[in-house]
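This report goes through one protein model, from its ligand shell to its sheets, helices and backbone exceptions. Please keep the sequence and the structure in view while reading.

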Amino acid sequence: MRELIVNSSVVSASEDEHYMAEALCLAKHGLGCVWPNPSVGCMIVDMATVPPRILGRGWTQPGGCLHAESVALGEAGESARGATLYVTLEPCAHYGRTPPCVDRIISAGIGRVVSAMSDPDPRVNGKGHACLLAAGITLEQGVLEAAAHRLNIGHLRRVLEKRPFVQLKLAHCRNGSIARAGNHPLRITAGIADSYVHHMRAKADAIMVGAGTLSSDDPELTCRIPGTEGRSPVRIVLDRDLNAGLSSRLFQTAGKTPSWIVTGQCFSSERTLPFTEKGVRVLMAKQTEQRKLDLDSVLRLLANEGITRLLVEGGASLAHSFLTSEKADEIILIEGNIAIDCGGLPAFTVAGPELVAQNRSYSLSETRALGQDTLRRYVKRI
Ligand SMILES: NC(=O)c1ccc[n+]([C@@H]2O[C@H](COP(=O)([O-])OP(=O)(O)OC[C@H]3O[C@@H](n4cnc5c(N)ncnc54)[C@H](OP(=O)(O)O)[C@@H]3O)[C@@H](O)[C@H]2O)c1
């Protein structure tokens with residue numbers, strides 16, 4: 001095992017991994033509520049004591065303005081001098097909504113920085129690490145890099161590919177239907193799975209449904225279970241012709257939880273006013289030749305708005321579009337322990353969940369029981 005000398009004490013690589021793993025756990029707190037910023041975790045540790053003493057912990061605060069490094073340094077105070085700082089993403093080196101974190105790290109007298117990965121954001125992109133080295137701080141890079149990559153996937157997609165990380169989630173019955181005949185909504189999953197979905201929502205920046213789901217289900221699309229309240233993402237409806245009913249619960253509560261409609265053309269202010277008056281944002285994306293919203297254009301639009309993590313919650317037509325165009329990074333299918341009589345709506349309009357298993361671009365990465373329901377996660381092959 002590799003060893004390092006820090007402030008006259010020996011630090012093993014596994015110790016670095018241990019504290020970085022803790023910093024990665026801290027970073028998870030910010031997922032879904034810090035966009036357009038990445039969610040970062042930071043630990044400050046005095047490695048000269050036996051055992052090492054944790055001096056400060058921090059993660060990016062809601063809204064993204066207060067960075068993890070500032071929070072952890074604030075907690076550590078003067079004791080940070082000479083300590084080791086663990087951070088899950090390269091510290092920023094530019095003035096944004098906050099001053100550069102590297103300045104704060106340098107002035108706090110941190111002796112060594114352990115960073116999980118560099119930040120490809122052009123405003124950072126190696127400059128943060130370079131500033132630390134230029135200030136004489138010892139720098140270790142790439143500790144638990146693969147895990148940090150998974151955690152920062154939304155930020156990476158947005159910065160490098162100009163689109164959010166996309167998860168598509170559907171609940172289906174044992175026979176593959178996602179709704180009753182005539183598109184009547186159906187309760188498919190039970191308590192544990194429902195709570196899992198609310199936690200998924202809480203980690204997303206935005207949730208999307210098609211106009212069909214809005215009119216048939218009138219969903220709220222909020223996080224309502226204990227521990228997730230106040231973390232509801234932006235709710236987005238794809239509605240090419242702006243036909244959505246203003247009386248829907250989603251628009252009626254737009255003042256409390258942000259709600260956006262993406263349309264396929266520029267409507268007059270007379271048409272959009274009833275929505276904007278309620279606090280609904282009306283955005284515009286391109287249409288395909290088949291007169292659907294072009295998903296590339298929609299995803300680019302959302303990335304421009306700062307969305308890094310998108311959860312698509314149906315219905316069948318939208319799920320079909322995401323699957324066939326392979327725009328979903330992950331597909332999460334939750335099989336409920338119920339079956340309905342024939343005539344239900346198949347998960348992907350033309351077929352049931354088997355369509356995912358047949359798609360060679362996706363592979364099954366996880367199967368887990370959620371109470372009496374079963375979750376299957378498929379990830380896009382690279
Ligand atoms: N079990 C589950 O997990 C689950 C989840 C959600 C919904 N559902 C069920 O699904 C049913 C609704 O499904 P649905 O297929 O009728 O409607 P949908 O997929 O929710 O919405 C389809 C509509 O979205 C708009 N749209 C815009 N761009 C699109 C694109 N690129 N691809 C596809 N659609 C696009 C189109 O309307 P415009 O032309 O007006 O733009 C289209 O008609 C309901 O019965 C609901 O209960 C089940």
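## Ligand shell

Helix α8 gives the most to the shell around the ligand, with 5 residues. The model is a predicted one. In it, 31 residues surround the ligand, and the closest are Gly-210, Gly-212, Arg-240, Gly-314 and Gly-315. The elements that supply two or more residues to this shell are β8 (165–172), β9 (177–179), β10 (206–210), α8 (211–217) and α12 (316–324).

Sorted by class, the shell around the ligand holds 14 nonpolar, 11 polar and 6 charged residues. One of the closest residues, Gly-315, sits in the loop between β14 and α12. The peptide bond from Gly-314 to Gly-315 is cis, with omega near 5 degrees.

## Two domains

The protein is divided into domain 1, residues 3–155, and domain 2, residues 162–380. Their contact takes 8 residues from domain 1 and 12 residues from domain 2. On the side of domain 1 that touches domain 2 there are 5 nonpolar and 3 polar residues, and no charged residues. The C-alpha centres of domain 1 and domain 2 are 35 Å apart.

Strand β6, residues 112–115, pairs with β7 in the parallel sense over 4 bridges. Within this pair, Ser-115 stands opposite Gln-141 in β7.

## Helix α2

How many of the residues of α2 are buried? The helix is mostly covered, with 7 of its 9 residues buried. These are Ala-68, Glu-69, Ser-70, Val-71, Ala-72, Leu-73 and Ala-76.

The cover over the buried residues of α2 includes β3, β4, β5 and α3 (101–107). Just after α2, Gly-77 takes a positive phi of about 60 degrees.

## The nine-stranded sheet

Another open sheet has 9 strands in the order β13-β12-β11-β10-β14-β8-β15-β18-β17, also with mixed pairing. Here β13 (281–284) and β17 (362–370) stand at the edges, and because each has a single partner strand, one side of each lacks a neighbour in the sheet. Neighbouring strands of this sheet are turned against each other by 25 degrees on average, direction ignored.

Strand β8 pairs with β14 (residues 309–312) in the parallel sense over 4 bridges. In this pairing Phe-165 stands opposite Arg-309 in β14. Helix α7, residues 191–202, lies across β8, β10, β14, β15 (330–335), β17 and β18 (373–380), and runs at about 130 degrees to β17.

In helix α11 (residues 295–304), the residues Leu-295, Val-298, Leu-299, Leu-301, Leu-302 and Ala-303 are buried. Helix α11 is followed by Gly-306, whose phi is positive, near 105 degrees.

Gly-255 lies in the loop between α9 (249–252) and β12 (259–263). Is Gly-255 buried or exposed? Gly-255 is exposed, because 11 other C-beta atoms lie within 10 Å and the limit for exposed is 12 or fewer. Leaving aside neighbours within four places in sequence, Gly-255 is in contact with Lys-278 and Gly-279.

## Backbone exceptions

Most residues other than glycine have a negative phi, and most peptide bonds are trans. A cis peptide bond joins Trp-35 and Pro-36, with omega about 10 degrees. Pro-36 lies in the loop between α1 (13–28) and β3.

Lys-162 is not a glycine, yet has a positive phi of about 55 degrees. Lys-162 lies in the loop between α6 (153–161) and β8, and is partly exposed, with 14 other C-beta atoms within 10 Å. Leu-242, also not a glycine, has a positive phi of about 55 degrees. Leu-242 is in the loop between β11 (234–238) and α9, and is partly exposed, with 19 other C-beta atoms within 10 Å.

Methods. Residues are numbered from 1 along each chain as its sequence is written. This is a predicted model: local features need pLDDT of at least 70, side-chain atom pairs count only at pLDDT 80 or more; totals for chains, interfaces and linings use all residues. Domain bounds come from an automatic or database domain assignment. Two residues are in contact if their C-beta atoms, placed from the backbone, lie within 7 Å. Ala, Val, Leu, Ile, Met, Phe, Trp, Tyr, Cys and Pro count as nonpolar, Asp, Glu, Lys and Arg as charged, and the others, Gly among them, as polar. Two strands pair if DSSP finds at least two bridges between them. A residue is near a molecule or strand if its C-beta atom, placed from the backbone, lies within 6 Å of it. Axes are lines fitted to C-alpha atoms, for helices over the stretch in contact, and angles run from 0 to 180 degrees between N-to-C directions. A residue is buried if 20 or more other C-beta atoms lie within 10 Å of its own, exposed if 12 or fewer, and partly exposed in between; C-beta atoms are placed from the backbone.
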